Structure formats: structure tokens, C-alpha cells
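Please open the structure in your viewer and keep the selection tool at hand, as this tour moves from one selection to the next and says what is to be found at each stop.

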Amino acid sequence: MDYIIGVDIGTSGTKTVAFDMKGDVLRTDHVTYPILNPQPHYFEQDPEVLFEAVIRAIGQTVQGVNRQTGNNSDLLGVGFSSAMHGIIAMDKQGIPLTHCIIWTDTRATAFASQLSDTPEGSAIYRATGTPIHPMSPLCKLGWMRMHLPAVHAAAYKFISVKEYVFLRLFGRYVIDESIASATGLFDIHQFNWHPAALEIAGISADRLAEPVPITYCMEGMDEHLAARMGIAEDVPFVIGGSDGCLANLGADVIQPGAAAVTIGTSGAVRMTSDRPRTDDKARTFSYVLTRELHVLGGAVNNGGIVLQWFKDSFEPAAVSSDAAFHGLMDAAAGVPAGSEGLLFLPYLTGERSPHWNAEAKGMFFGVQLHHRKAHFVRALLEGVIFGVYSVGRVLEEITGPIHTIHANGGFAYSSLWLQVLADVFDRPVHVRKNVEAAARGAYVTVLNALGKRSTFIDIADQPPPSEIILPSPARHEVYRVNFERFERLYDKVKDEFN
């Protein structure tokens with residue numbers, strides 16, 4: 001039996017999914033790793049730990065498929081998705097000089113603030129499609145130039161985690177155009193490193209990896225690493241793209257009017273376009289999937305991490321994590337839409353789109369004596385969706401109306417959260433459970449790279465949703481009023497976030 005592995009290098013762990021040639025899932029594995037927080041606003045990961053997780057996860061999946069098939073299986077290729085905005089300084093011997101500074105890191109806030117409102121910052125956003133924000137490698141390099149000048153000067157290359165994996169496997173520095181387009185350093189119109197952005201970052205193009213299409217394929221990996229994974233050295237490894245772009249591809253959100261909503265640790269709303277489109281107010285991103293397909297959208301910092309914070313802070317330690325989450329959701333389901341007047345601004349880790357305010361803070365508003373824990377949980381779920389809806393409304397200004405939402409990520413397993421999403425947007429929500437969209441997108445890139453699929457857009461190949469959640473007009477009206485209050489509340493208090 002032939003199969004393909006899609007690898008998704010995420011913030012909290014690496015997932016590997018084995019797909020057969022019909023796109024059905026054979027096996028899923030997941031290896032977790034920590035986020036390091038050495039001081040406030042600093043969030044890092046050890047690239048070697050992440051690399052080891054990738055090797056281990058692929059090996060587990062290969063072994064598992066072999067057991068299932070009695071060793072009667074043939075791995076045709078491996079494709080990759082990974083989180084965006086990370087950066088590692090490397091020396092000439094290929095040794096990391098720093099940890100990977102990840103997307104949640106906000107140490108570059110001052111640098112980003114100084115650049116964002118300038119003509120130079122606006123021009124860079126229009127050219128690169130990446131809003132000026134401390135998440136972007138552009139701003140992280142600007143911070144490093146000022147605060148770690150010796151490291152900045154000594155670094156031979158600045159790369160992401162996926163580039164580190166391919167360097168270890170194949171000994172070359174390559175970056176896919178999708179990840180490159182999320183750095184703030186890559187011209188999404190010309191498909192090369194952007195000179196003005198490089199000048200602000202204080203580097204030249206030769207200190208970055210070589211940009212390649214998402215179907216770029218490499219063979220002949222390190223024999224010892226191949227042996228550790230239990231695969232042949234000549235198995236094709238396809239570089240793939242960013243997790244957000246590949247999630248759209250994997251969920252088949254490629255038609256006009258369709259939007260993908262993903263909520264895991266963070267969240268995002270994304271639509272696909274046949275050309276790059278930036279926003280006059282720089283509220284959204286425009287990333288590259290292929291040279292013919294571009295992903296527009298906005299990422300929110302605060303998704304499932306908000307529920308995790310509430311559970312860790314206010315639930316008894318003796319209760320198992322799964323039981324605690326189920327208990328919170330069951331309690332929230334008993335509270336009517338609108339949480340009886342309680343609102344939550346979900347900005348516990350600052351915010352990206354549409355406000356791009358790293359100083360934003362979380363806030364409960366309207367607390368009264370009748371509010372109980374269940375109200376706070378319901379308000380929390382609603383606040384996260386309001387944040388997502390803020391992005392969706394901006395996207396509709398740019399691309400036109402959203403008519404269908406495709407949900408993926410961890411929240412797709414919560415019927416309550418999905419219903420809130422449908423009711424807030426007043427749109428049907430299509431759900432495909434048991435499929436990791438980014439890993440499936442990586443699988444599709446392998447099909448294309450190996451010539452087993454002639455196009456990225458294949459309507460006949462789209463599996464039907466496992467469930468469609470319909471909105472309630474009555475609940476939507478409650479949420480319409482509450483969302484307007486949510487927006488006004490942010491505008492009134494934003495100057496106090498410092």
C-alpha cells in the first residue's frame with residue numbers, strides 16, 4: 001500500500017499524519033515540546049528539541065503504518081507544514097547561536113511601534129504582506145541588531161525551524177515561499193527578498209535561505225537520520241508551506257466566499273485569492289501559497305490558550321485536564337447566548353489582527369451579582385469568537401462577503417464553540433473532524449510535487465463535511481448587539497493598555 005506523511009511542526013508539538021492515496025487517514029502521531037519563557041515577553045524553543053520531535057514523530061508513524069499493514073506499505077513522500085514567524089541565528093558551521101524566537105515573543109514591541117506608523121513601514125507592508133508587528137522576523141532582527149549586536153553580526157544565516165530541519169537532513173539552506181512571505185522580508189509581488197526590508201533588518205539577502213516553491217523536493221538525506229526514521233534515504237521530502245496557508249489547502253478553502261476559521265492555541269481567519277491583496281489600514285496579512293494562490297487573513301493571539309488559562313487558574317488541580325475542560329464546556333452550555341450581559345476582551349497575550357496591539361490586555365466587563373463561573377466561561381468562548389469576527393469583517397471589506405465557514409483546529413471538537421461561531425457570523429459552519437488540515441495540506445503538496453495531482457484546486461477531490469452547523473437568527477441578534485459593545489469597549493480602553 002502506498003502512503004504519504006504530512007508533518008505539521010506546531011507551537012506546542014509536531015503532528016505526523018499518514019494518508020493513503022485516497023486521502024484517508026491511516027495513523028496520527030503527536031510529539032509535544034515546551035515553550036521557554038526565560039523572562040517576560042520572551043518566548044523561545046530549542047531548535048534541537050523540535051528537530052528531535054520531528055524525527056521521532058515520523059519514525060513513530062512509519063512504524064505504526066508498518067504494523068498495520070504487516071510491512072506491506074511504501075512511503076512515497078513526506079510533506080511539511082510549520083508555524084510562521086520563528087527565527088534562529090546560525091553560525092557558519094550550522095550551529096544555532098540562539099533558540100528559535102517564536103511568534104508569541106514580543107520583545108521587539110518598541111522596534112515595531114517605531115516602524116509601524118512610518119512611510120517606510122507602510123511601504124514594507126504593501127510589498128511583503130506582513131503587518132509590522134513584533135511577531136515578524138523583520139522586527140525581531142531589528143531588535144537583535146540593537147540589543148544583541150554581537151550575535152546579529154556573527155550570524156551566518158537567519159532561518160526558521162523548518163529550514164533547520166531541512167539543513168540537518170540535507171545540508172542545505174532552503175525556505176519555501178510560503179514561510180518566506182510571513183517574515184516581513186519577502187516581496188510577495190516579485191518573489192524575492194525585499195531590499196528595503198533587508199536594509200531595516202541590517203542584513204543582506206545572502207544571510208537568508210534560498211526561496212523555493214512549496215512543491216520543492218529533496219532526496220538523499222543523511223543516512224543515519226533516515227535509519228532513525230526507518231525510511232530509505234531517497235524518500236522524497238517536499239518542503240511544503242506555512243501552517244496557515246496549508247490549512248486552507250487541506251480544508252479545501254480555495255473558492256471565493258469561503259473562509260477557514262482555525263482555533264488552536266491561537267486562532268485565525270483565512271480566505272484564498274488569485275492575487276495578493278493588502279489592506280489600506282494594514283489590519284490583515286497577505287501570504288503566498290503558490291504564485292497563483294494567495295492566502296489573506298488575520299491571526300488572533302488568543303484562542304484555546306484563554307480556556308487553558310481559565311482552567312489552570314480556577315479549576316481544582318485534582319481534576320484531570322480532560323474532565324476539567326468538559327466540565328467547563330458543559331457549564332457554559334447552560335448559560336444563554338450573550339452570557340447575560342458579561343463581556344470578555346480576550347487579549348491575554350496582546351493581539352495581532354485586526355488591532356496589531358502587543359500591549360492589549362484581557363478584561364471582563366459587566367460583572368454583576370448573578371454571574372457565576374459558567375457565565376465567565378461562556379463569555380470567554382464568545383470573546384474569542386468576537387476577536388475572530390473582527391478579522392472576518394475586515395476580510396469582507398477586502399474580498400467581499402463570506403458565505404461559508406470551514407472550521408478546523410482543536411475547537412472543532414466543541415459543539416458549543418462551533419455553534420457560537422455560526423451564530424456570531426450568521427453563516428453555516430462546515431466541520432471535518434479527525435483531519436488535521438495543515439498536515440493534509442502538506443499531503444496535497446506531495447501529491448502535486450510527485451505529479452499525482454495536476455492542480456491544487458480539485459473540487460472532485462474534496463471530502464464532504466462531517467457536520468454542518470447552522471446559525472440561529474435569534475442568537476445572532478444577541479451577538480450583533482454584544483459585538484458592537486465589544487468593539488466600542490476596546491476603543492474606549494485601548495489607551496490604558498501600557
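Buried residues are those with under 20% relative accessible area, exposed ones have over 50%, and partly exposed ones fall in between (1.4 Å probe, protein chains only). Helices (H or I, at least four residues) and strands (E, at least two) are DSSP runs, numbered from the N terminus. The model is predicted, so local features need pLDDT of at least 70 and side-chain atom pairs count only at pLDDT 80 or more, while totals for chains, interfaces and linings use all residues. Residues are numbered from 1 along each chain as its sequence is written, and side-chain values use heavy atoms, with hydrogens and water left out.

**First stop: helix H10**

Select residues 243–250, which form helix H10, a mostly covered helix in which seven of the eight residues are buried. Those buried residues are Gly244, Cys245, Leu246, Ala247, Asn248, Leu249 and Gly250. If you then step past the end of the helix, you come to Asp252, whose phi is positive, near 60°.

**Second stop: helix H15**

Now select residues 437–449, helix H15, whose 13 residues reach 18 Å from the first C-alpha to the last, close to the 18 Å expected at 1.5 Å a residue (the expected span being 1.5 Å times one less than the number of residues). Twelve of the 13 residues of H15 are buried, so this helix is largely enclosed by the rest of the structure. Among the buried residues are Arg440, Tyr443, Thr445 and Asn448. What covers the buried residues of H15? The cover includes H10, together with strand E1 (2–9), strand E2 (13–20), strand E5 (74–82), strand E14 (237–242) and strand E21 (404–408), where contact means heavy atoms within 4.5 Å. Just after H15, look for Gly451, which takes a positive phi of about 75°.

**Third stop: salt bridges**

A salt bridge is a side-chain nitrogen of Lys or Arg within 4 Å of a carboxyl oxygen of Asp or Glu, and by this rule the count comes to 21 salt bridges.

Begin with Asp176 and Lys162, whose side chains meet in a salt bridge at 2.8 Å, N to O. This pair links distant parts of the chain, 14 residues apart, with Asp176 in strand E9 (residues 174–176) and Lys162 in helix H6 (residues 161–170). Asp176 counts as buried at 1% relative accessibility, and Lys162 is also buried, with a relative accessible area of 3%.

Next, select Arg291 and Glu177, which form a salt bridge with the closest N and O atoms 2.8 Å apart. Arg291 lies in the loop between strand E17 (285–288) and strand E18 (294–300) and Glu177 in helix H7 (residues 177–180), so the pair ties together parts that are 114 residues apart in sequence. Is Glu177 buried or exposed? Glu177 counts as buried at 4% relative accessibility, whereas Arg291, at 46%, counts as partly exposed.

Then turn to Asp423 and Arg475, whose salt bridge spans 2.5 Å, N to O. Asp423 belongs to helix H14 (residues 415–425) and Arg475 to helix H16 (residues 473–493), so that distant parts of the chain, 52 residues apart, are linked. Asp423 is buried at 0% relative accessibility, while Arg475 counts as partly exposed at 31%.
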